[in-house]
Amino acid sequence: MLQLITILNRCHHFRGFVYQHACFGPDHQSIEIAVRPRKGSAAVCSGCHQPAPGYDQLAERRYEFIPLWGFLVFLLYAMRRVDCRRCQAVVVEEVPWGNGKHQLTNAYMLFLARWARRLSWKETAEAFRTSWDKVCDAVEHVVRFGLEHRTLGQIDAIGVDEIQYAKGHKYLTLVYQIDLGVTRLLWVGKERTIESFQGFFTTIGEEITSKIVFVCSDMWEPYLKVIREKCSEALHILDRFHIVAKMNKALDEVRAGESRRMASEGQAPLLKKSRWLLLKREENLKTEQRFRLRDLLRYNLRTVRAYLLKEAFQQLWDYNSPAWAAEFLDEWCRQTMRSRIEPMNKIARSLRQHRELILNYFRAQKLLSSGVVEGLNNKAKVTMRKSYGFRTFRVLELALYHSLGKLPEPESTHDFF
């Protein structure tokens, strides 16, 4: 019959150390496994990672290992101190199953971090009878290793966007790699400022920056300024999804203003509960909503005219030729300016200002858009919801890199599952 020591030697064996014996803890709810150095093996200095002569021995430490059959498992080991001539200091030895002052073994940290990618951190802690802080430490250990060992390689396309992470207009700047076939989070910056975005280009360096071919972003001016400075040779594509969002916001502003005016003048509430009728795409409307929208479009209202302009604009994305797209865009802006509907006029002025960036979408043959970025942002929001309320930048940064960074993981002696 297999013994626990035999199993550990098969899946978690380290040269120079011996599993001495295993027994139940005093509470009979845990298993304690004593570890000792193999006879004749030299201790390794934790500073220079080279063998060094022994000095003395410290009190026994407990390292938390992966739970087994519902029992908590601990490795017990008395750390040796070494007198390292290279470091010219007396330091604690380096052990292969642990890292620094962490109470968790490396294998357990990797195990928890992998589960924390599937479950929330709180659920992971509850499932394995540990604490939220230990799960956080495990994720930090894995993310730090991943960032130190990741290979950026050549980056052809990036997308930048912001995401709100707390009340009071607190934002994160997220930069993604959106190459065809490769999508991952490259960088997380605090706030959405020029300095924040510049930090990304400082991190990746000038050599990688100079080879970026496409950049996708919204109309946020700090982003536009940094992209002009750092990626002047790249094709800058303006995010079509943000353009549509701004147009929907303008239409909603027209509807709300006209609804208030009609109510103050005692007119029939034609626009009552019509918000989503106007903002949804027509193919997403239910049958009864389609009939109600058809009835609403019979009235000569500013809201109806704004809605028709918004719907007409969608035709832009059907073009393939930049020249034809430019002609359509210019004509749409002229018609919109003649409508004298100020929120829509504001959109038209903005589109004229960013005309070339919008047309870059067609110059890139419609191969790239920020739709990928929006999808990754949705995953980032899910990651934040799974965090159950933490809002510090450090922990959010860890969670986002862990979920979206596709970082390399530390090597393990065995794939625990």
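In this predicted model, Leu309, Ala312 and Phe313 of helix α10 are in contact with Phe328, Leu329, Trp332 and Thr336 of helix α11. Sorted by class, the residues of this contact are six nonpolar and one polar, with no charged residue. Helix α10 covers residues 302–313 and helix α11 covers residues 322–338; their axes come within 11 Å and cross at roughly 175°. Angles over 145 degrees count as roughly antiparallel, and α10 and α11 are therefore roughly antiparallel to each other.

**The five-strand sheet**

The model also holds an open sheet of five strands in the order β10-β9-β8-β11-β12, and its pairing is mixed. The edge positions belong to β10 (182–190) and β12; each has a single partner strand, so one side of each has no neighbour in the sheet. On average, neighbouring strands of this sheet are turned by 25° against each other, direction ignored.

Strand β8 (residues 157–166) runs parallel to strand β11 (residues 214–217), and three bridges join the two. On its other pairing, β11 meets strand β12 (residues 235–238), again in the parallel sense, over four bridges. The table gives individual bridge partners from these two pairings.

| Residue | Bridge partner | Strand named for the pair |
|---|---|---|
| Ala157 | Phe214 | β11 |
| Ile158 | Val215 | β11 |
| Ser217 | Leu238 | β12 |

Between β11 and β12 the chain passes through helix α6 (residues 221–230), and this β-α-β crossover is right-handed.

Which strands does helix α15 lie across? Helix α15 (residues 393–404) lies across β8, β9 (170–179) and β10, and runs at about 175° to β10.

**Salt bridges**

In general, side chains of opposite charge can pair when their charged atoms come close. How many salt bridges does a search of the whole structure find? The search finds 23 salt bridges.

Key: Residues are numbered from 1 along each chain as its sequence is written. This is a predicted model: local features need pLDDT of at least 70, side-chain atom pairs count only at pLDDT 80 or more; totals for chains, interfaces and linings use all residues. Side-chain values use heavy atoms; hydrogens and water are left out. Two strands pair if DSSP finds at least two bridges between them. A crossover is right-handed if, with the strands pointing away from the viewer, the path from the first strand over the helix to the second runs clockwise. Axes are lines fitted to C-alpha atoms, for helices over the stretch in contact, and angles run from 0 to 180 degrees between N-to-C directions. Angles under 35 degrees count as roughly parallel, over 145 as roughly antiparallel, 65 to 115 as roughly perpendicular and the rest as oblique. Contact means heavy atoms within 4.5 Å. Ala, Val, Leu, Ile, Met, Phe, Trp, Tyr, Cys and Pro count as nonpolar, Asp, Glu, Lys and Arg as charged, and the others, Gly among them, as polar. A salt bridge is a side-chain nitrogen of Lys or Arg within 4 Å of a carboxyl oxygen of Asp or Glu.
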